[in-house]
Structure formats: C-alpha cells, structure tokens
Amino acid sequence: MGPIHQEQVCYTLYSTSNVITHAYRSLLEPLKLTYPQFVVMMALLQKDRVSVTELAEAVGLKKPTMTPLLKRLETLGYITREFEAGDERQKCIALTPLGQSLADAVDDVARKALCATGLSSDEAELLISLCQKIKLELT
C-alpha cells in the first residue's frame, strides 16, 4: 500500500462532511433549522448570552456569515440579538425561552445522527480527537 496523499485526506474529510450534513437535513427539518443554524444553536445551548464574535469563533464561521444566519434564527423566535449594555457596536446573542426549549430536540438530533454513522463511542471519540488535531495544526 502506497502513502496516503494529503489530497486524499482532504477529499475524504470534505466528502464525509457533505454526507453528514445531508444526513442532518431530514432530522433538522421539523425544527426548521439548516445545519449551520443547528451548530449555532448547539453552541448557544452550551453557552448562552455571547457576542457575535465569540459565537462565530466557537462555531468556526466568519462574522459576516453569522448575520443572515442569526437573523433567520431570530425570525424563528429562537434567539434575540441585542446591543451590549455600554457598547453600541457589539450585539449579544441570547436564546429565547422557545430556543431554550429546543435543548432536548437538539440533543436527540445529535444522537440520531451519531447512530446513523455506525460509529461506536470509542470510534467517535477517536475521530473527534483526530479532527481537532488537524484543526490545531492548520490554524
């Protein structure tokens, strides 16, 4: 067996990400969420009342990408976007009671998606660890 080329690793990560994102679509449809919106909701359920900058960093998206995504979540009634007290340039993102009520549904989607991969808990932990290692090396 020859060496694994970087392009093959990149392709495998990219194509796997696409397959997983596609698998989430049907699970997220009842919540009216896209996959990026789901990721933001998961982050907010872990840490609520954060700045747009902090939230963008937590989910790995660029700040300009966040604006339309957050507007849609606000329209759905899941979040509020309010200016920080004393700082008219920074908005604070907070879950509404409706957004907070999605915690069980969001956990259920994540659990079903993990089950659909066929990975054991140990395999999932290893995959997460390897992906985090790659991200650290490349950033």
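User: What kind of model is it?
Analyst: It's a predicted model.

User: OK. How many helices and strands does the chain have?
Analyst: There are seven helices and three strands. Going along the sequence, the order is α-α-β-α-α-β-β-α-α-α.

User: What box do the C-alpha atoms fill?
Analyst: Roughly 60 × 30 × 25 Å, taken along the principal axes.

User: And how much of the chain counts as buried?
Analyst: 26% of the 139 residues. On contacts, take the ones with a separation of 6 or more: 50% of those come from residues 24 or more positions apart.

User: Let's talk helix packing. At what angle do H2 and H4 pack?
Analyst: About 80 degrees, and their axes are 10 Å apart. Anything from 65 to 115 degrees counts as roughly perpendicular, so H2 and H4 are roughly perpendicular to each other.

User: Which residues make that contact?
Analyst: On the H2 side you have Pro-36, Gln-37, Val-40 and Met-41. H4 brings in Met-66, Leu-69, Leu-70, Arg-72 and Leu-73.

User: How do those divide into nonpolar, polar and charged?
Analyst: In the contact of H2 with H4, seven are nonpolar, one is polar and one is charged.

User: Gln-37 then: buried or exposed?
Analyst: Buried, because its relative accessibility is 5% and the cut-off for buried is under 20%. Gln-37 is in helix H2, which covers residues 35-46.

User: What does Gln-37 touch?
Analyst: Leaving out residues up to four places away in sequence, Gln-37 touches Lys-32, Leu-69, Arg-72 and Leu-73.

User: Where else do you see a positive phi in a residue that is not a glycine?
Analyst: Arg-49 is one, again at about 60 degrees. Arg-49 is found in the loop between H2 and strand E1 (50-51). With a relative accessible area of 54%, Arg-49 counts as exposed.

User: Switching topics: how many salt bridges are there?
Analyst: The count is four salt bridges.

User: What does Glu-54 pair with?
Analyst: Lys-47, with the closest N and O atoms 2.5 Å apart. Both ends are partly exposed: Glu-54 has a relative accessible area of 33%, and Lys-47 comes to 47%.

User: And which residue meets Glu-74?
Analyst: That's Arg-81, at 2.9 Å from N to O. Here the ends fall in separate classes, since buried means under 20%: Arg-81 is buried at 19%, whereas Glu-74 is partly exposed at 31%.

User: What about Lys-112?
Analyst: Lys-112 forms a salt bridge with Asp-108, with the closest N and O atoms 3.2 Å apart. Both lie in helix H6 (residues 103-117), four residues apart, or about one turn of the helix. Lys-112 is partly exposed at 40%, and so is Asp-108 at 27%.

User: Which residues are linked with Asp-108 in a network?
Analyst: Arg-111 and Lys-112, through a network of salt bridges.

User: Are Cys-131 and Cys-92 buried or partly exposed?
Analyst: One of each. Cys-131 counts as partly exposed at 29% relative accessibility, while Cys-92 counts as buried at 6%.

Technical notes: Residues are numbered from 1 along each chain as its sequence is written. This is a predicted model: local features need pLDDT of at least 70, side-chain atom pairs count only at pLDDT 80 or more; totals for chains, interfaces and linings use all residues. Side-chain values use heavy atoms; hydrogens and water are left out. Buried means under 20% relative accessible area, exposed over 50%, partly exposed in between (1.4 Å probe, protein chains only). Helices (H or I, at least four residues) and strands (E, at least two) are DSSP runs, numbered from the N terminus. Contact means heavy atoms within 4.5 Å. A salt bridge is a side-chain nitrogen of Lys or Arg within 4 Å of a carboxyl oxygen of Asp or Glu. Axes are lines fitted to C-alpha atoms, for helices over the stretch in contact, and angles run from 0 to 180 degrees between N-to-C directions. Angles under 35 degrees count as roughly parallel, over 145 as roughly antiparallel, 65 to 115 as roughly perpendicular and the rest as oblique. Ala, Val, Leu, Ile, Met, Phe, Trp, Tyr, Cys and Pro count as nonpolar, Asp, Glu, Lys and Arg as charged, and the others, Gly among them, as polar.
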